[in-house]
Amino acid sequence: MNKYWWKFLGAGLLIYSVIFGFLGETPRREILNETIRMVYFHVPMWFGMMALMVSSLIYSIRYLRTGLIRYDIFASQYAAVSVVFGLLGFVTGMLWGNFTWGDWLPKDPKIIAVEVGLLIYCAYFVLRGSFDDEQRRGRLSAIYNVFAFASFMPLVWILPRLTDSLHPGNGGNPAFGSDMDMNMRIVFLPAVLGWILIGNWISILRIRVKLINEKING
(Lines give C-alpha, C1' and ligand atoms only; values in the text may rest on other atoms or scores of the structure.)
Protein backbone atom coordinates (compact mmCIF):
# COMPACT_ATOMS: atom_id res chain seq x y z
CA MET A 1 0.00 0.00 0.00
CA ASN A 2 2.88 2.37 0.77
CA LYS A 3 4.07 2.39 -2.84
CA TYR A 4 0.61 3.25 -4.15
CA TRP A 5 -0.04 6.33 -2.03
CA TRP A 6 1.04 8.79 -4.72
CA LYS A 7 -1.39 7.22 -7.21
CA PHE A 8 -4.32 7.72 -4.83
CA LEU A 9 -3.07 11.23 -4.13
CA GLY A 10 -2.92 12.05 -7.85
CA ALA A 11 -6.42 10.69 -8.49
CA GLY A 12 -7.79 12.51 -5.44
CA LEU A 13 -6.21 15.82 -6.42
CA LEU A 14 -7.56 15.52 -9.95
CA ILE A 15 -11.09 14.78 -8.73
CA TYR A 16 -10.84 17.66 -6.25
CA SER A 17 -9.62 20.11 -8.91
CA VAL A 18 -12.35 19.11 -11.38
CA ILE A 19 -15.16 19.45 -8.82
CA PHE A 20 -14.00 22.74 -7.33
CA GLY A 21 -12.79 23.95 -10.72
CA PHE A 22 -16.42 24.06 -11.82
CA LEU A 23 -18.09 24.87 -8.51
CA GLY A 24 -15.55 27.03 -6.64
CA GLU A 25 -15.57 30.81 -6.38
CA THR A 26 -13.56 32.75 -8.98
CA PRO A 27 -12.78 36.48 -9.30
CA ARG A 28 -14.67 38.42 -11.96
CA ARG A 29 -12.09 39.60 -14.50
CA GLU A 30 -12.89 41.68 -17.57
CA ILE A 31 -13.19 39.57 -20.75
CA LEU A 32 -12.27 36.32 -18.95
CA ASN A 33 -15.35 36.09 -16.73
CA GLU A 34 -16.25 32.40 -16.18
CA THR A 35 -13.68 31.20 -18.72
CA ILE A 36 -11.03 31.87 -16.09
CA ARG A 37 -11.88 28.38 -14.80
CA MET A 38 -10.04 26.93 -17.79
CA VAL A 39 -6.80 27.74 -15.97
CA TYR A 40 -7.49 24.70 -13.76
CA PHE A 41 -7.21 22.43 -16.82
CA HIS A 42 -5.20 24.10 -19.59
CA VAL A 43 -2.21 25.22 -17.54
CA PRO A 44 -1.84 22.12 -15.28
CA MET A 45 -1.89 19.91 -18.38
CA TRP A 46 1.06 21.89 -19.71
CA PHE A 47 2.92 21.57 -16.43
CA GLY A 48 2.26 17.83 -16.54
CA MET A 49 3.51 17.69 -20.13
CA MET A 50 6.76 19.45 -19.25
CA ALA A 51 7.36 17.26 -16.20
CA LEU A 52 6.98 14.17 -18.39
CA MET A 53 9.34 15.67 -20.97
CA VAL A 54 11.94 16.09 -18.24
CA SER A 55 11.49 12.44 -17.24
CA SER A 56 11.84 11.37 -20.87
CA LEU A 57 15.01 13.43 -21.21
CA ILE A 58 16.53 11.88 -18.08
CA TYR A 59 15.93 8.34 -19.35
CA SER A 60 17.30 9.19 -22.80
CA ILE A 61 20.50 10.39 -21.14
CA ARG A 62 20.61 7.25 -19.01
CA TYR A 63 20.21 5.14 -22.15
CA LEU A 64 23.11 6.95 -23.84
CA ARG A 65 25.25 6.27 -20.78
CA THR A 66 24.33 2.60 -20.30
CA GLY A 67 22.85 1.29 -23.56
CA LEU A 68 20.09 -0.53 -21.64
CA ILE A 69 16.98 -0.92 -23.79
CA ARG A 70 14.68 -0.53 -20.79
CA TYR A 71 15.76 3.10 -20.49
CA ASP A 72 14.88 3.70 -24.13
CA ILE A 73 11.43 2.26 -23.42
CA PHE A 74 11.05 4.52 -20.40
CA ALA A 75 12.05 7.57 -22.45
CA SER A 76 9.70 6.79 -25.34
CA GLN A 77 6.66 6.13 -23.14
CA TYR A 78 7.16 9.27 -21.08
CA ALA A 79 7.49 11.21 -24.33
CA ALA A 80 4.31 9.63 -25.72
CA VAL A 81 2.21 10.62 -22.71
CA SER A 82 3.75 14.10 -22.68
CA VAL A 83 2.63 14.63 -26.29
CA VAL A 84 -0.91 13.52 -25.39
CA PHE A 85 -0.93 16.00 -22.50
CA GLY A 86 0.41 18.65 -24.87
CA LEU A 87 -2.39 18.00 -27.35
CA LEU A 88 -4.99 18.13 -24.57
CA GLY A 89 -3.51 21.42 -23.39
CA PHE A 90 -3.55 22.72 -26.94
CA VAL A 91 -7.22 21.80 -27.45
CA THR A 92 -8.30 23.35 -24.14
CA GLY A 93 -6.26 26.43 -25.07
CA MET A 94 -8.09 26.67 -28.40
CA LEU A 95 -11.43 26.46 -26.60
CA TRP A 96 -10.38 29.10 -24.09
CA GLY A 97 -8.96 31.35 -26.80
CA ASN A 98 -12.17 31.21 -28.82
CA PHE A 99 -14.15 32.64 -25.91
CA THR A 100 -11.60 35.21 -24.74
CA TRP A 101 -9.97 36.31 -28.00
CA GLY A 102 -12.74 35.39 -30.45
CA ASP A 103 -10.45 33.10 -32.46
CA TRP A 104 -9.66 29.41 -32.17
CA LEU A 105 -6.10 29.81 -33.47
CA PRO A 106 -4.93 33.43 -33.48
CA LYS A 107 -1.52 34.19 -34.96
CA ASP A 108 0.07 34.48 -31.53
CA PRO A 109 3.82 33.86 -31.05
CA LYS A 110 3.33 31.44 -28.17
CA ILE A 111 0.71 29.39 -30.00
CA ILE A 112 2.94 29.16 -33.06
CA ALA A 113 5.90 28.19 -30.86
CA VAL A 114 3.83 25.44 -29.19
CA GLU A 115 2.72 24.10 -32.57
CA VAL A 116 6.34 23.90 -33.72
CA GLY A 117 7.40 22.31 -30.43
CA LEU A 118 4.74 19.59 -30.61
CA LEU A 119 5.70 18.84 -34.22
CA ILE A 120 9.32 18.42 -33.09
CA TYR A 121 8.22 15.82 -30.54
CA CYS A 122 5.93 14.09 -33.05
CA ALA A 123 8.97 13.76 -35.35
CA TYR A 124 10.64 11.84 -32.50
CA PHE A 125 8.16 9.00 -33.00
CA VAL A 126 8.52 9.12 -36.78
CA LEU A 127 12.26 8.70 -36.26
CA ARG A 128 11.74 5.74 -33.92
CA GLY A 129 9.56 4.03 -36.48
CA SER A 130 12.25 4.33 -39.13
CA PHE A 131 14.60 1.74 -37.58
CA ASP A 132 14.23 -1.96 -36.90
CA ASP A 133 17.47 -2.37 -35.00
CA GLU A 134 16.62 -1.53 -31.39
CA GLN A 135 20.09 -0.33 -30.43
CA ARG A 136 20.35 2.03 -33.37
CA ARG A 137 16.79 3.20 -32.83
CA GLY A 138 17.41 3.80 -29.15
CA ARG A 139 20.68 5.66 -29.67
CA LEU A 140 19.43 8.00 -32.42
CA SER A 141 16.11 8.54 -30.63
CA ALA A 142 17.88 9.44 -27.40
CA ILE A 143 20.12 11.95 -29.14
CA TYR A 144 17.13 13.47 -30.93
CA ASN A 145 15.17 13.61 -27.66
CA VAL A 146 17.91 15.67 -26.01
CA PHE A 147 17.84 18.20 -28.85
CA ALA A 148 14.02 18.16 -28.95
CA PHE A 149 13.87 19.12 -25.27
CA ALA A 150 16.55 21.77 -25.75
CA SER A 151 14.48 23.24 -28.59
CA PHE A 152 11.04 22.99 -27.01
CA MET A 153 11.73 24.85 -23.78
CA PRO A 154 13.15 28.03 -25.37
CA LEU A 155 10.30 27.96 -27.92
CA VAL A 156 7.69 27.96 -25.16
CA TRP A 157 9.36 29.97 -22.39
CA ILE A 158 11.80 32.42 -23.99
CA LEU A 159 10.93 33.37 -27.58
CA PRO A 160 7.28 34.41 -26.89
CA ARG A 161 8.52 36.81 -24.20
CA LEU A 162 10.68 38.64 -26.71
CA THR A 163 7.67 39.93 -28.65
CA ASP A 164 4.03 40.92 -28.15
CA SER A 165 1.75 38.06 -27.20
CA LEU A 166 -1.85 37.65 -26.11
CA HIS A 167 -0.79 35.28 -23.34
CA PRO A 168 -0.45 36.71 -19.82
CA GLY A 169 3.16 37.12 -18.79
CA ASN A 170 4.29 37.73 -22.37
CA GLY A 171 4.80 40.86 -24.45
CA GLY A 172 4.18 43.20 -21.54
CA ASN A 173 0.97 41.51 -20.39
CA PRO A 174 0.81 40.93 -16.62
CA ALA A 175 1.41 37.39 -15.42
CA PHE A 176 -1.69 35.31 -14.89
CA GLY A 177 -0.84 34.82 -11.24
CA SER A 178 -1.93 38.38 -10.58
CA ASP A 179 -5.46 37.40 -11.62
CA MET A 180 -5.64 34.57 -9.08
CA ASP A 181 -7.01 34.97 -5.60
CA MET A 182 -6.62 32.43 -2.79
CA ASN A 183 -9.80 30.61 -3.80
CA MET A 184 -8.22 29.89 -7.17
CA ARG A 185 -4.77 29.00 -5.86
CA ILE A 186 -6.12 26.25 -3.58
CA VAL A 187 -7.58 24.58 -6.68
CA PHE A 188 -4.90 25.44 -9.24
CA LEU A 189 -1.86 24.19 -7.31
CA PRO A 190 -3.41 20.77 -6.45
CA ALA A 191 -4.45 20.49 -10.11
CA VAL A 192 -0.84 20.95 -11.24
CA LEU A 193 0.42 18.24 -8.87
CA GLY A 194 -2.51 15.98 -9.75
CA TRP A 195 -1.86 16.11 -13.50
CA ILE A 196 1.86 15.47 -12.98
CA LEU A 197 1.17 12.42 -10.79
CA ILE A 198 -1.50 11.03 -13.13
CA GLY A 199 0.78 11.54 -16.12
CA ASN A 200 3.53 9.62 -14.35
CA TRP A 201 1.08 6.83 -13.45
CA ILE A 202 -0.11 6.49 -17.06
CA SER A 203 3.50 6.43 -18.26
CA ILE A 204 4.42 3.66 -15.82
CA LEU A 205 1.45 1.57 -16.94
CA ARG A 206 2.50 1.98 -20.59
CA ILE A 207 6.09 1.07 -19.68
CA ARG A 208 4.97 -2.12 -17.93
CA VAL A 209 2.86 -3.16 -20.92
CA LYS A 210 5.76 -2.46 -23.27
CA LEU A 211 8.22 -4.45 -21.13
CA ILE A 212 5.80 -7.40 -20.96
CA ASN A 213 5.38 -7.35 -24.74
CA GLU A 214 9.14 -7.23 -25.20
CA LYS A 215 9.53 -10.35 -23.01
CA ILE A 216 6.75 -12.19 -24.85
CA ASN A 217 8.09 -11.33 -28.30
CA GLY A 218 11.70 -11.84 -27.20
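Trainee: Which helix gives the most to the lining of the largest cavity?
Mentor: H3 does, with 3 residues. Keep in mind that this is a predicted model.

Trainee: Which helices each supply at least two residues of that lining?
Mentor: H3, H5 and H6.

Trainee: Which residues line the largest cavity?
Mentor: Ile69, Asp72, Ile73, Arg128, Glu134, Arg137, Lys210 and Glu214. By class, that lining has 2 nonpolar and 6 charged residues, and no polar ones.

Trainee: How much space lies in the largest cavity?
Mentor: About 40 Å³. The count of cavities of 30 Å³ or more comes to 1.

Trainee: How does anyone find empty space like that? Where is it left?
Mentor: A probe the size of a water molecule is rolled over the atoms, and that shows where empty space is left.

Trainee: Back to the charged residues. How many salt bridges are there?
Mentor: The count is 1 salt bridge. Arg128 pairs with Asp72, and their closest N and O atoms are 2.8 Å apart. Arg128 sits in helix H4 (residues 109–128) and Asp72 in helix H3, so the pair ties together parts that are 56 residues apart in sequence. Both Asp72 and Arg128 are also in the lining of the largest cavity.

Trainee: Is Arg128 buried or exposed?
Mentor: Arg128 counts as buried, because its relative accessibility is 13% and the cut-off for buried is under 20%.

Trainee: And Asp72, buried or exposed?
Mentor: Buried, with a relative accessible area of 4%.

Trainee: Let's zoom out. How many helices and strands are in the protein chain?
Mentor: There are 6 helices and 0 strands. From the N terminus on, the order is α-α-α-α-α-α.

Trainee: What share of the protein chain counts as buried?
Mentor: 45% of its 218 residues.

Trainee: Give me a buried one. Where is Met49?
Mentor: Met49 is in helix H2 (residues 42–66). Met49 has a relative accessible area of 0%, so it is buried.

Trainee: How far apart are Met49 and Val84?
Mentor: They are 35 residues apart in sequence. In space, their C-alpha atoms are 8.0 Å apart.

Trainee: New topic: pockets. What volume does the second largest pocket have?
Mentor: About 160 Å³.

Trainee: Which residues line that second largest pocket?
Mentor: Phe22, Glu34, Thr35, Arg37, Met38, Phe41, Leu95, Trp96 and Phe99. By class, 6 are nonpolar, 1 is polar and 2 are charged.

Trainee: Which helix supplies the largest share of that pocket's lining?
Mentor: Helix H3 (residues 69–100), with 3 residues.

Trainee: What about the surface? Which residues form a nonpolar patch?
Mentor: Ile15, Val18, Ile19, Phe20, Phe22 and Leu23. Together they have about 600 Å² of accessible area.

Trainee: Pick Phe20. Where is Phe20 found?
Mentor: In helix H1 (residues 5–23). Phe20 is partly exposed, at 40% relative accessible area.

Trainee: One last residue. Where is Thr163 found?
Mentor: Thr163 is in the loop between helix H5 (134–157) and helix H6 (182–217). Thr163 is partly exposed, with a relative accessible area of 38%.

Trainee: And what separates the C-alpha atoms of Thr163 and Pro109?
Mentor: A distance of 7.6 Å, with the two residues 54 apart along the chain.

Conventions. Residues numbered from 1 in each chain as written. Predicted model: local features only at pLDDT ≥ 70, side-chain atom pairs only at ≥ 80, totals over all residues. Heavy atoms only, no water. 1 Å grid on protein atoms, 1.4 Å probe; cavity = no way out; pocket = protein on both sides within 12 Å on 5 of 7 lines; lining within 4 Å. Points joined across faces, edges and corners; volume = space filled by probe spheres on them. Helix = DSSP H or I, 4+ residues; strand = E, 2+ residues; numbered from the N terminus. Nonpolar A, V, L, I, M, F, W, Y, C, P; charged D, E, K, R; others polar. Patch = residues over 30% accessible without salt bridge, like charges linked within 9 Å, V, L, I, M, F, W, Y side chains within 5 Å. Areas by Shrake-Rupley, 256 points an atom, 1.4 Å probe, with all protein chains shown as cover. Salt bridge = Lys/Arg side-chain N within 4 Å of Asp/Glu carboxyl O. Buried < 20%, exposed > 50% of the residue type's maximum accessible area, 1.4 Å probe, protein only.
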